[in-house]
Amino acid sequence: MSSKAKEIRILIVDDHAVVRAGLRLLLDAEDDLDVVGEAGNARDAVFEARSLKPDVILLDVVMPVESGIEALPGLKKEAPDAKVLVLSMQDDPRYVREAFARGANGYVLKEAADAEVVAAVREIAAGGSYVHPVLGARMVAADAEARAAAEADPLSDREREVLRLLALGHTNQEIAKQLYISVRTAETHRAHIMQKLNLSTRAELVRHAIVHGLLAEGETDD
């Protein structure tokens, strides 16, 4: 006779009581899942996490006063062994990245099927990570687009501005004054620009600026 599977202790954090009630019914219906507490805001969530030491915290993003993502570091501090599954209506990949950066282990949309939520809880409780498939696909596409953009234009916004001013004939001192930076910083930007673009002369720098339309973005030589 096999022993009963170890229960996964869950804390539900959501500012809507009806959502908490629905999640409790869903999770408690599973033999290996046990909802041990609820919280309606970030402050109560930290208190409950400290007291209950759950295995998994099911965390909403949008809550009054402090968002779930903002509350993540505090929750992880009070219950360092707990895994956090963010359950949110926010389907922007930026929210997913920020959530994981702050300590989340999974991210599921509220529109997800019940079976997916249960599977995600089990996955992160076992030490894995989980992202809603639609969001995962969007993140892959966004990352590919960002890489392509970086390859096409490796310069930062500030470096593009320094490049434009250099191409217009400004000295490092003049650039520093216009951009409210030190001369040393202006010189560093110039060195990075030349290195990133594989340029060696001012003529090449000016040609690059013209080809990429940078001289048309602001002032022009008189």
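Trainee: Is D157 buried or exposed?

Mentor: Start with the general idea. Buried means under 20% relative accessible area, exposed means over 50%, and partly exposed lies in between (1.4 Å probe, protein chains only). D157 has a relative accessible area of 61%, so D157 is exposed.

Trainee: What should I know about the model before reading on?

Mentor: This is a predicted model: local features need pLDDT of at least 70, side-chain atom pairs count only at pLDDT 80 or more, and totals for chains, interfaces and linings use all residues. Residues are numbered from 1 along each chain as its sequence is written, and side-chain values use heavy atoms, leaving out hydrogens and water.

Trainee: Which residue does D157 meet in a salt bridge?

Mentor: First, the term. A salt bridge is a side-chain nitrogen of Lys or Arg within 4 Å of a carboxyl oxygen of Asp or Glu. Here the side chain of D157 meets that of R160, at 2.0 Å from N to O.

Trainee: Where do R160 and D157 lie?

Mentor: Helices are DSSP runs of H or I with at least four residues, strands are runs of E with at least two, and both are numbered from the N terminus. R160 and D157 both sit in helix α7 (residues 157-167). They are three residues apart, about one turn of the helix. R160 has a relative accessible area of 22%, so R160 is partly exposed.

Trainee: How many salt bridges does the structure hold?

Mentor: Twelve. One of them joins the side chains of R122 and D32, at 2.9 Å from N to O. This pair links distant parts of the chain: R122 is in helix α5 (residues 114-125), while D32 is in the loop between α1 and β2, 90 residues apart. R122 is partly exposed because its relative accessibility is 32%. D32, at 15%, counts as buried.

Trainee: Which helices does the R50 and E78 pair link?

Mentor: The side chains of R50 and E78 meet in a salt bridge of 3.0 Å, N to O. R50 is in helix α2 (residues 42-52) and E78 is in helix α3 (residues 68-78), 28 residues apart. R50 counts as partly exposed at 40% relative accessibility. E78 is buried, at 18%.

Trainee: Which residues are linked in a network of salt bridges?

Mentor: R20, R24, D28 and E38.

Trainee: Now the sheet. In what order do the six strands run?

Mentor: Two strands pair if DSSP finds at least two bridges between them. The order here is β2-β1-β3-β4-β5-β6, in an open sheet with parallel pairing. The edge strands are β2 and β6 (130-131), and each pairs on one side only.

Trainee: Over how many bridges do β1 and β2 pair?

Mentor: Six, in the parallel sense, between β1 (residues 8-13) and β2 (residues 33-39). I8 has L33 in β2 as its bridge partner.

Trainee: Where is D81 found?

Mentor: In the loop between α3 and β4. D81 is exposed because its relative accessibility is 69%. The C-alpha atoms of D81 and D55 are separated by 6.9 Å, although these residues are 26 residues apart along the chain.
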